[in-house]
Amino acid sequence: MSLNAELSELFRILAALMDIKGENVFKAMAFSKVSRILKDATIDVKKAVEEGTLEEIEGIGASSRRVIEQYVRTGKSEDFDAVAATVPAGLIPMLEIPNLGPKTIALLWKQRGITSIDELAKAIDAGKLAELPGMGEKKIQLIKQGLALRTAAGKRIGIVTALPLGEMLAEQLRHLSGVAAAEVAGSLRRRSETVGDLDLVCAVKKGAGGEAVAEAFVEFPQVHRVQAKGAAKVSIATADDLQVDLRIVPEEHFGATLMYLTGSKAHNVHLRGLAQAKKMTLNEWGLYELDQYEKAKKSPGAAPAAKPVAAKTEREIYNALGLKWIEPELREDRGEIEAAAADALPKLIELKDIRGDLHCHTNASDGRSSIEQMAQAALDRGYEYLAITDHSKTQVIANGLTAQRLAKHAAEIRRISSSLKGITLLAGCEVDILADGRLDFEDAVLAELDFVVASPHVALKQPPAKATDRLLRAVENRYVNVIGHPTGRLIFEREGLTFDFEKVFKAAAATGTALEINGAYPRLDLNDVQARAALAAGVKLSVDTDAHSTEGLDDMRIGVFVARRAWASSRDVINGMTLGQLRQFIAHKRK
DNA sequence: GCCGTTTTCGGCCCGACTGTTTTCAGTCG
């Protein structure tokens with residue numbers, strides 16, 4: 001775990017301890033914020049401490065700074081240890097149990113001496129929870145249910161699984177009578193690489209009731225269990241124990257609810273702060289003048305009886321707050337609100353800006369489709385070019401090409417390319433970056449190719465210093481145009497390489513080497529935060545699919561989501577270039 | 001704990017739903 005990650009975890013636990021201790025909730029929120037800041041940070045915390053730049057970071061105050069500084073120097077924090085000594089460590093994981101929160105955990109601890117999940121389970125079975133204040137039979141059953149669910153609840157699913165499900169549910173909602181609009185919201189709308197649950201927003205037309213939609217929704221075939229059902233909100237679980245939350249609102253409030261449910265939480269909190277500064281209040285019903293809102297009559301599930309400043313569309317609400325509309329992918333409170341206020345948001349890349357795919361395989365190595373089939377599929381997707389980049393010889397398991405086979409393959413690619421209209425094939429290779437940074441082919445072999453992707457496939461657990469040298473060596477090779485899936489991580493499966501990002505980004509920018517956003521799930525490598533830091537260092541990105549079949553080319557959509565979350569414009573991405581520009585990019589490095 | 005053209009003290013985002021409650025606390029997002 002990196003130092004940033006360790007500290008982020010430390011503050012996450014510190015916030016949890018505050019919650020359980022029943023400290024001021026804002027204290028816990030403050031620590032949570034520090035945890036999030038450290039998780040998102042692409043800065044090197046150690047360096048920030050050494051250079052004294054920690055205090056420039058908003059949200060990190062004197063107390064947190066003291067903890068960070070001591071931890072960086074000594075690997076521990078006395079402040080943290082002092083708090084941790086007062087609360088049993090076993091209580092922290094209990095916070096992950098659905099339906100069980102900090103107040104109840106503290107109650108169980110103080111009144112029944114329960115200090116771990118195991119003890120909780122035993123206490124329930126022994127009937128020891130009865131007669132606690134506020135603890136009825138239903139509540140005990142809820143906690144029991146939560147215990148049974150906890151493994152599933154902590155499980156996140158990938159965007160490639162969640163997106164089709166979410167889009168299908170939204171489409172089913174749109175077909176219900178009285179429904180004006182339905183959209184996916186939540187982290188899925190922000191295109192996070194994984195999601196913990198699904199959020200949907202449904203707008204009903206005037207005169208139509210939310211009850212009917214709620215009733216119809218719980219009858220959808222995907223619904224396995226209903227957890228809560230009101231006229232404004234329904235929570236269900238699918239057969240796979242994925243939670244789906246639906247909000248139902250009158251259409252004139254659709255934008256406010258969509259915005260609220262899209263989040264992120266940090267983004268929303270920041271916006272509500274802005275609203276307050278303007279003597280307004282922002283909630284899922286809309287943006288209201290504070291004095292009018294306070295006077296207005298309110299009842300659960302119904303819009304407050306006040307005229308909102310804005311509510312119908314997201315754009316109106318952002319504008320009323322003095323902001324440009326913010327793309328959902330940016331809503332992480334990573335500077336997008338400040339940028340929106342300054343009209344300095346990037347024009348995010350879109351799928352239609354992509355002119356070609358620069359990393360794919362054919363049946364010459366481990367792909368399933370032929371050169372012709374891949375070329376036709378690329379043409380069908382409107383591409384101007386396609387680089388065919390089969391594996392190099394070390395990838396025996398992937399039927400990697402020897403230099404001899406590669407030369408023949410390249411000739412074949414060029415022959416087919418010259419017979420095609422509307423698309424150019426680039427004869428390339430995905431050459432292995434060996435553990436020591438040597439490439440799997442000599443320069444003389446690479447020099448014969450039009451395009452080279454160099455990727456690490458093995459030795460993905462080597463120490464950071466070695467990994468840094470390894471990648472730098474590949475970056476500095478004049479024939480290497482893209483570093484493919486630079487870390488080699490696989491979501492949920494392996495962490496991949498850690499290396500000195502700053503150093504590698506700097507070298508990539510200086511040499512004219514692009515870094516890949518590999519759109520093949522579960523790679524998504526670089527990830528959003530890394531890719532954004534690369535862009536900030538002046539690096540170009542290459543958004544590719546690593547397709548092993550014609551259908552694999554469709555993963556470009558996912559790759560573009562990651563690029564958008566990295567704040568990338570089309571000009572930041574080499575396969576947003578025309579073929580002529582791309583050839584210049586390649587030639588420039590070879591000079 | 002953090003922050004400041006509204007504040008160095010006193011605020012800090014806000015509502016829906018459930019359960020145990022006779023008016024609210026806890027959890028969730």
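Helices (H or I, at least four residues) and strands (E, at least two) are DSSP runs, numbered from the N terminus.

This is a predicted model: local features need pLDDT of at least 70, side-chain atom pairs need 80 or more, and totals for chains, interfaces and linings use all residues. Residues count from 1 along each chain as written, chains are lettered from A and ligands numbered from 1 in written order, and side-chain values use heavy atoms, without hydrogens and water.

**Stop one: helix H4**

Select residues 62-74. Now colour Ser-64, Val-67, Ile-68, Gln-70, Tyr-71 and Val-72: they are buried (under 20% relative accessible area, 1.4 Å probe, protein chains only). The buried residues of H4 pack against helices H1, H2, H3 and H5, with heavy atoms within 4.5 Å counting as contact. Step on to Gly-75, which follows H4 and has a positive phi, near 80°.

**Stop two: DNA strand B**

Which residues are closest to DNA strand B? Select Asn-99, Gly-101, Thr-104, Arg-272 and Tyr-293. At Lys-103, a polar backbone atom is 3.2 Å from a phosphate oxygen.

**Stop three: Asp-450**

Find Asp-450 in the loop between helix H20 and strand S13. Its side chain makes a polar contact of 2.9 Å with that of Arg-414 (a pair of N or O atoms within 3.5 Å, one able to donate a hydrogen and the other to accept it; residues adjacent in sequence count only if both atoms are side-chain atoms).

Definitions and conventions:
Buried < 20%, exposed > 50% of the residue type's maximum accessible area, 1.4 Å probe, protein only. Near = heavy atom within 4 Å.
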